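Please look at the sequence and the model below before reading on.

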Amino acid sequence: RFKDSLISRIGKLPIGVRTGTEAGEERVEREDPDVLIVAVGSEPVIPDIPGISDTHVMHVLDTYWEPEKIGERVVIIGGGLAGCETGMHLAALGKSVTIVEMMDRLATDATESHRIALFGMMDGRVRYHARTLCTRITPAGITAIVEDGSERSFEADTVVYAAGQKARSDTAFGLCRAAPRQYFLIGDCTSPRKVKEAVHEGYH
(Lines give C-alpha, C1' and ligand atoms only; values in the text may rest on other atoms or scores of the structure.)
Protein backbone atom coordinates (compact mmCIF):
# COMPACT_ATOMS: atom_id res chain seq x y z
CA ARG A 1 0.00 0.00 0.00
CA PHE A 2 2.88 2.33 0.77
CA LYS A 3 4.47 1.59 -2.63
CA ASP A 4 1.15 2.21 -4.40
CA SER A 5 0.76 5.49 -2.51
CA LEU A 6 4.17 6.70 -3.68
CA ILE A 7 3.39 5.79 -7.29
CA SER A 8 0.05 7.61 -7.08
CA ARG A 9 1.71 10.74 -5.70
CA ILE A 10 4.34 10.69 -8.46
CA GLY A 11 1.51 10.64 -11.01
CA LYS A 12 0.04 13.84 -9.54
CA LEU A 13 3.30 15.79 -9.81
CA PRO A 14 5.08 17.25 -12.88
CA ILE A 15 7.61 14.39 -12.97
CA GLY A 16 8.53 12.64 -16.21
CA VAL A 17 8.52 8.86 -15.91
CA ARG A 18 10.04 6.61 -18.58
CA THR A 19 9.49 2.92 -17.98
CA GLY A 20 11.18 0.26 -20.07
CA THR A 21 14.15 2.58 -20.52
CA GLU A 22 17.65 1.59 -19.47
CA ALA A 23 19.69 4.49 -18.15
CA GLY A 24 23.08 3.41 -19.49
CA GLU A 25 26.22 5.52 -19.60
CA GLU A 26 25.64 6.54 -23.23
CA ARG A 27 22.11 7.73 -22.44
CA VAL A 28 23.34 9.78 -19.48
CA GLU A 29 25.96 11.45 -21.67
CA ARG A 30 23.36 12.12 -24.38
CA GLU A 31 20.76 13.53 -21.94
CA ASP A 32 23.45 15.82 -20.45
CA PRO A 33 21.65 16.37 -17.09
CA ASP A 34 22.52 19.16 -14.70
CA VAL A 35 22.16 16.74 -11.80
CA LEU A 36 22.11 12.94 -11.87
CA ILE A 37 20.63 11.01 -8.92
CA VAL A 38 21.53 7.33 -9.08
CA ALA A 39 19.16 4.99 -7.22
CA VAL A 40 19.60 1.69 -9.07
CA GLY A 41 19.21 -0.38 -5.91
CA SER A 42 20.63 -3.75 -5.01
CA GLU A 43 20.46 -7.34 -6.23
CA PRO A 44 20.08 -10.64 -4.41
CA VAL A 45 23.02 -12.50 -2.94
CA ILE A 46 22.72 -16.01 -4.37
CA PRO A 47 24.21 -18.53 -1.94
CA ASP A 48 26.63 -21.11 -3.33
CA ILE A 49 24.50 -24.15 -2.50
CA PRO A 50 24.07 -27.15 -4.81
CA GLY A 51 20.55 -27.09 -6.25
CA ILE A 52 20.05 -23.30 -5.84
CA SER A 53 19.04 -22.99 -9.52
CA ASP A 54 16.35 -25.70 -9.39
CA THR A 55 12.86 -24.74 -10.55
CA HIS A 56 11.30 -25.09 -7.08
CA VAL A 57 13.76 -22.56 -5.59
CA MET A 58 13.03 -18.83 -5.50
CA HIS A 59 14.38 -15.61 -4.03
CA VAL A 60 12.57 -14.20 -1.02
CA LEU A 61 11.23 -11.15 -2.89
CA ASP A 62 9.79 -13.32 -5.67
CA THR A 63 7.39 -14.88 -3.16
CA TYR A 64 5.45 -11.59 -3.23
CA TRP A 65 5.41 -11.27 -7.03
CA GLU A 66 4.79 -14.94 -7.88
CA PRO A 67 2.71 -16.46 -5.07
CA GLU A 68 1.15 -18.96 -7.46
CA LYS A 69 4.50 -20.78 -7.69
CA ILE A 70 4.69 -21.51 -3.95
CA GLY A 71 3.84 -24.99 -2.73
CA GLU A 72 2.21 -25.92 0.56
CA ARG A 73 5.45 -26.74 2.41
CA VAL A 74 8.10 -24.01 2.38
CA VAL A 75 11.64 -23.96 3.73
CA ILE A 76 13.31 -20.56 3.96
CA ILE A 77 17.13 -20.50 3.93
CA GLY A 78 18.13 -17.44 5.94
CA GLY A 79 16.59 -16.19 9.17
CA GLY A 80 17.25 -12.49 8.91
CA LEU A 81 14.43 -9.96 9.07
CA ALA A 82 13.48 -10.58 5.42
CA GLY A 83 13.29 -14.35 5.93
CA CYS A 84 11.30 -14.07 9.16
CA GLU A 85 8.78 -11.53 7.88
CA THR A 86 8.29 -13.48 4.66
CA GLY A 87 7.81 -16.61 6.74
CA MET A 88 4.99 -14.90 8.62
CA HIS A 89 3.49 -13.67 5.36
CA LEU A 90 3.48 -17.18 3.87
CA ALA A 91 2.11 -18.69 7.07
CA ALA A 92 -0.76 -16.20 6.89
CA LEU A 93 -1.48 -17.57 3.39
CA GLY A 94 -1.84 -21.03 4.92
CA LYS A 95 1.61 -22.38 4.06
CA SER A 96 3.61 -24.66 6.34
CA VAL A 97 6.85 -22.70 6.89
CA THR A 98 10.24 -23.67 8.32
CA ILE A 99 13.17 -21.24 8.57
CA VAL A 100 16.78 -22.44 8.82
CA GLU A 101 19.52 -20.01 9.92
CA MET A 102 23.22 -20.83 10.30
CA MET A 103 23.86 -18.13 12.93
CA ASP A 104 23.06 -18.41 16.65
CA ARG A 105 20.10 -16.04 16.46
CA LEU A 106 17.41 -15.06 13.99
CA ALA A 107 16.54 -11.51 12.89
CA THR A 108 19.79 -10.00 14.14
CA ASP A 109 19.23 -7.11 11.71
CA ALA A 110 16.09 -6.03 13.58
CA THR A 111 15.97 -3.71 16.57
CA GLU A 112 15.49 -5.56 19.86
CA SER A 113 11.93 -4.32 20.37
CA HIS A 114 11.05 -5.29 16.79
CA ARG A 115 12.71 -8.68 17.29
CA ILE A 116 10.71 -9.39 20.47
CA ALA A 117 7.46 -8.52 18.71
CA LEU A 118 8.48 -10.57 15.68
CA PHE A 119 9.10 -13.74 17.67
CA GLY A 120 5.84 -13.26 19.55
CA MET A 121 4.04 -13.29 16.21
CA MET A 122 6.08 -16.20 14.80
CA ASP A 123 5.53 -18.55 17.74
CA GLY A 124 3.04 -21.23 16.83
CA ARG A 125 2.91 -20.11 13.20
CA VAL A 126 6.45 -20.55 11.83
CA ARG A 127 8.99 -23.22 12.78
CA TYR A 128 12.61 -22.06 12.93
CA HIS A 129 16.02 -23.60 13.53
CA ALA A 130 19.15 -21.61 14.40
CA ARG A 131 22.71 -23.02 14.08
CA THR A 132 21.48 -24.94 11.04
CA LEU A 133 23.55 -24.82 7.84
CA CYS A 134 21.94 -25.77 4.54
CA THR A 135 24.40 -27.88 2.55
CA ARG A 136 22.30 -28.76 -0.49
CA ILE A 137 18.86 -28.39 -2.03
CA THR A 138 17.12 -31.51 -3.29
CA PRO A 139 13.86 -32.09 -5.18
CA ALA A 140 12.33 -33.09 -1.83
CA GLY A 141 13.55 -30.08 0.18
CA ILE A 142 16.96 -29.37 1.74
CA THR A 143 19.70 -31.17 3.62
CA ALA A 144 21.38 -29.32 6.49
CA ILE A 145 23.93 -29.74 9.26
CA VAL A 146 22.18 -29.08 12.58
CA GLU A 147 23.56 -27.88 15.92
CA ASP A 148 24.91 -31.25 17.10
CA GLY A 149 26.81 -31.76 13.84
CA SER A 150 24.47 -34.37 12.40
CA GLU A 151 22.79 -34.17 9.01
CA ARG A 152 19.05 -33.64 8.75
CA SER A 153 16.57 -33.31 5.92
CA PHE A 154 13.75 -30.76 5.81
CA GLU A 155 10.97 -31.54 3.36
CA ALA A 156 9.63 -28.76 1.15
CA ASP A 157 7.68 -28.20 -2.03
CA THR A 158 9.28 -24.77 -2.38
CA VAL A 159 12.67 -23.56 -1.13
CA VAL A 160 13.12 -19.82 -0.60
CA TYR A 161 16.52 -18.21 -0.08
CA ALA A 162 16.96 -14.98 1.85
CA ALA A 163 20.72 -14.50 1.92
CA GLY A 164 20.71 -10.72 1.76
CA GLN A 165 21.25 -8.12 -0.94
CA LYS A 166 24.37 -6.56 -2.47
CA ALA A 167 24.65 -3.02 -3.80
CA ARG A 168 24.71 -2.56 -7.58
CA SER A 169 27.77 -0.39 -7.08
CA ASP A 170 29.45 -1.14 -10.43
CA THR A 171 26.37 0.04 -12.32
CA ALA A 172 26.03 3.06 -10.05
CA PHE A 173 29.64 4.22 -10.43
CA GLY A 174 29.50 3.67 -14.18
CA LEU A 175 26.56 6.07 -14.43
CA CYS A 176 28.33 8.59 -12.22
CA ARG A 177 31.39 8.55 -14.49
CA ALA A 178 29.11 9.51 -17.36
CA ALA A 179 27.51 12.41 -15.46
CA PRO A 180 28.86 15.67 -16.86
CA ARG A 181 28.22 17.77 -13.77
CA GLN A 182 26.79 16.91 -10.36
CA TYR A 183 25.70 13.47 -9.19
CA PHE A 184 24.43 11.73 -6.05
CA LEU A 185 24.21 8.06 -5.12
CA ILE A 186 21.28 7.20 -2.89
CA GLY A 187 19.50 4.13 -1.58
CA ASP A 188 20.55 0.50 -1.82
CA CYS A 189 23.14 1.09 -4.55
CA THR A 190 25.40 2.44 -1.79
CA SER A 191 24.40 -0.07 0.91
CA PRO A 192 21.31 -2.31 1.12
CA ARG A 193 19.02 -1.13 3.90
CA LYS A 194 15.32 -0.88 4.71
CA VAL A 195 12.27 1.22 3.87
CA LYS A 196 12.88 3.60 6.79
CA GLU A 197 16.33 4.54 5.49
CA ALA A 198 15.08 4.79 1.91
CA VAL A 199 12.40 7.33 2.85
CA HIS A 200 14.80 9.32 5.04
CA GLU A 201 17.49 9.46 2.36
CA GLY A 202 15.03 10.24 -0.42
CA TYR A 203 13.60 13.13 1.61
CA HIS A 204 17.01 14.69 2.21
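How far apart are the mean positions of the positive and negative charges of the chain? The 24 positive and 30 negative charges have mean positions that lie 5 Å apart, where Lys and Arg count as positive and Asp and Glu as negative, with His and the chain ends not counted, and where the place of a charge is NZ of Lys, CZ of Arg, CG of Asp or CD of Glu.

This is a predicted model, in which local features need pLDDT of at least 70 and side-chain atom pairs count only at pLDDT 80 or more, while totals for chains, interfaces and linings use all residues. Residues are numbered from 1 along each chain as its sequence is written, and side-chain values use heavy atoms, with hydrogens and water left out.

Along its principal axes, the C-alpha trace of the chain spans about 60 × 35 × 30 Å. Of its 204 residues, 33% are buried, that is, under 20% relative accessible area with a 1.4 Å probe, protein chains only.

The chain contains 7 helices and 12 strands, which are DSSP runs numbered from the N terminus (helices H or I, at least four residues; strands E, at least two). Three of these strands form an open, antiparallel sheet in the order S7-S8-S9, strands being paired if DSSP finds at least two bridges between them. Its edge strands, S7 (133-138) and S9 (151-155), each pair on one side only. Strand S8 (residues 141-145) is joined to the antiparallel S9 by 5 bridges, and here Ile 142 stands opposite Phe 154 in S9.

How values were computed:
Buried means under 20% relative accessible area, exposed over 50%, partly exposed in between (1.4 Å probe, protein chains only).
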